[in-house]
Amino acid sequence: MLSFIRWISGLPLRLLQALGALLGWLAWLGSSSYRALCRENAQLAGLTPAQQRAAIGQAGRLVGELPWLWLGRAARPIGRWCQWQGAELIEQHLQSGQGLVLLTPHMGSFEVCAQAYAERFGDRKPVTVLYRPARQPWLRELEETARDRPGLATAPATLAGVRQMIRALRKGGAVGLLPDQVPPEGMGVWAPFFGKPAYTMTLATRLVLQTGAPLLLMWAERRPAGRGWVLHVSAPTEPMPTEAADDEALQLACASFVNREMERLIRQCPPQYLWGYQRYRTPRDTLAT
């Protein structure tokens, strides 16, 4: 499998994304449970039938472009494939000694966000990205190898990984998280997401509260025909809660705040959100040490 992935990583991005779109439709047609999950999640957010159809191909493109991003031409500088909107918001924080928390939803090409940030800003403010290691040993090794780049470090979704991110922030670095990822049991609270309770991580806002690091939002919009991505950087539209009656109320307020901000980003380009992700599932595991 690894040899095959290395081989296809040399194909043009446009071709890999087209093959990925086909794969997305085959997955959608071949699995009734996947179809039902996509429809249910998309309908909660009010997507039109046309937007739902577009999302099927976009989900496949996300998978199709990964070999290119991990092992292909993007293993070299990716900057010429990216356009930035809002990069000045990051620039404003580079000269400060503070850390920086970047939140990215399961939208567009979230793999590109870390690579593009590391290439442009990593020499001045390195980024540490939280990830959940793959279960398959070969895929886990591939992920770790492909993400090992200058200015970019990875932290596993364990207690050790959380401590690694806190250290990075206290040293003035940046950290990146996918806050709409279902966290392990005990690391989140149930908060509304498109009107339905979803188990939402509290780590992102705890990092902000604990270290005083500012918070920015970032996502990579996939351009058509393999022409790369547009990196969108923005500030939250409302202040993050910092006080409440007790810690439980504060965590709920913060999680609800994060979900509202993620909803705002997703509404900018609904077809590029990963509607097949089991956002509303019940967490099953606990955070490892």
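Let me start with Ser 109, which sits in the loop that runs between strand 2 (100-103) and helix 7 (110-121). Please keep in mind throughout that what we are looking at is a predicted model.

How exposed or buried is Ser 109? Its relative accessible area is 0%, and because anything under 20% counts as buried, Ser 109 falls into that class. As for its surroundings, and leaving aside residues up to four places away in sequence, Ser 109 touches Leu 62, Glu 65, Leu 69, Ala 220, Arg 222 and Trp 229. With Glu 65 there is also a polar contact, made from side chain to side chain at 2.8 Å.

I would now like to turn to backbone geometry, where the background is that most residues other than glycine have a negative phi. Against that, Phe 194, in the loop between strand 6 (188-193) and strand 7 (196-201), has a positive phi, near 55 degrees. Phe 194 has a relative accessibility of 9%, so this residue is counted as buried.

The other residue I want to show is Ala 225, which is placed in the loop linking strand 8 (215-222) to strand 9 (229-234). Here too phi is positive in a residue other than glycine, with a value near 60 degrees.

Key: Residues are numbered from 1 along each chain as its sequence is written. This is a predicted model: local features need pLDDT of at least 70, side-chain atom pairs count only at pLDDT 80 or more; totals for chains, interfaces and linings use all residues. Side-chain values use heavy atoms; hydrogens and water are left out. Helices (H or I, at least four residues) and strands (E, at least two) are DSSP runs, numbered from the N terminus. Buried means under 20% relative accessible area, exposed over 50%, partly exposed in between (1.4 Å probe, protein chains only). A polar contact is a pair of N or O atoms within 3.5 Å; within protein, one must be able to donate a hydrogen and the other to accept it, and residues adjacent in sequence count only if both atoms are side-chain atoms. Contact means heavy atoms within 4.5 Å.
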